[in-house]
Amino acid sequence: MNKDYFNFKSFLIKFMTTIILLCNYYIFSSILNPVDLDDYMQVFNTRIGSNILSFNDTKEYLSVNEDILPDGHTCKTENNNSNKCSSSQIQNVNYIESSHLHNDFVYREVDKSSLKKFLQTRNSLLEEEPYFSTIINTAKNFNVNPLLLFAITGQEQSFVPKSNANAKEIANNPFNVFNSWQNYNTDIKDSSEIASRTVVNLSLGRPENIDPFKWLNNKYSEDSLWFVGVKSIYSCLEDNVPYLD
């Protein structure tokens, strides 16, 4: 192999990295407000040659469900070159701005006993620890309604029935963040934080006349009727689980 070949290969890798990053920018430009975009572009410009294609970083509003990213993106952080972002690398969760959330999505305290009873009727592993308390605590930290998070698990994994042979693995990522629990098997703290951050981020820019569940569907799932299931489950949860505030 001659020197020109290696120079061309290096150029090609950098060129493709730039194209993917540009795609990433245009995707985020549709969901971030102008202030967030300025922050994003600052990160984009300083890291364009780093070959790091996406980040799970609270401060930069860059963590999203991988379904909305181009093929080839992986979850990486500045200090982690693996495909898995550890929960210890996600800090300052309250930094996320959530004032734009629809009322149905904003955190409210729920009757935990009633919620557990509902999950028990579904034979759900999520009514056990550490899953139950972790989802509740994460919802509070991100100012996201816990019933919405549980509704997403209901739509994605039928609340993780204990009868499922893979229940314990699925319960690590019942939201199917980063495509699926098979592709991204982490722990419930990590996946619930990513799901919550995704809800907050994808809710940005929603027109007032658009159903918040349907708006979330535009990016969260390729299934155009995903929001119908989530909204139906959410309504069922509200009918069975009282709010305490």
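**Loops and backbone geometry**

Tutor: The protein chain has nine helices and zero strands, where helices (H or I, at least four residues) and strands (E, at least two) are DSSP runs numbered from the N terminus. From the N terminus on, the order of elements is α-α-α-α-α-α-α-α-α. This is a predicted model, in which local features need pLDDT of at least 70 and side-chain atom pairs count only at pLDDT 80 or more, while totals for chains, interfaces and linings use all residues. Residues are numbered from 1 along each chain as its sequence is written, and side-chain values use heavy atoms, with hydrogens and water left out.

Of the 245 residues in the protein chain, 50% are buried; buried means under 20% relative accessible area, exposed over 50%, and partly exposed in between, with a 1.4 Å probe and protein chains only. Among contacts with a separation of 6 or more, 64% are between residues 24 or more positions apart, a contact being heavy atoms within 4.5 Å. The protein chain exposes about 12100 Å², and carbon and sulfur atoms supply 48% of that area; accessible areas come from the Shrake-Rupley method with a 1.4 Å probe, and for residues only the protein chains shown count as cover.

As background, most residues other than glycine have a negative phi, and most peptide bonds are trans. The peptide bond that joins Glu 129 and Pro 130 is cis, with omega about 10 degrees.

The loop between helix 5 (146-157) and helix 6 holds Phe 159. Although Phe 159 is not a glycine, its phi is positive, at about 65 degrees. Phe 159 is also buried, because its relative accessible area is 5%.

The loop between helix 6 and helix 7 includes Phe 178, a residue other than glycine whose phi is positive, near 55 degrees. Phe 178 has a relative accessible area of 6% and is therefore buried. Ser 180 is placed in the loop between helix 6 (167-170) and helix 7 (188-202). With a relative accessible area of 13%, Ser 180 is buried. Its C-alpha atom is separated by 9.2 Å from that of Glu 156, and Ser 180 and Glu 156 are 24 residues apart along the chain.
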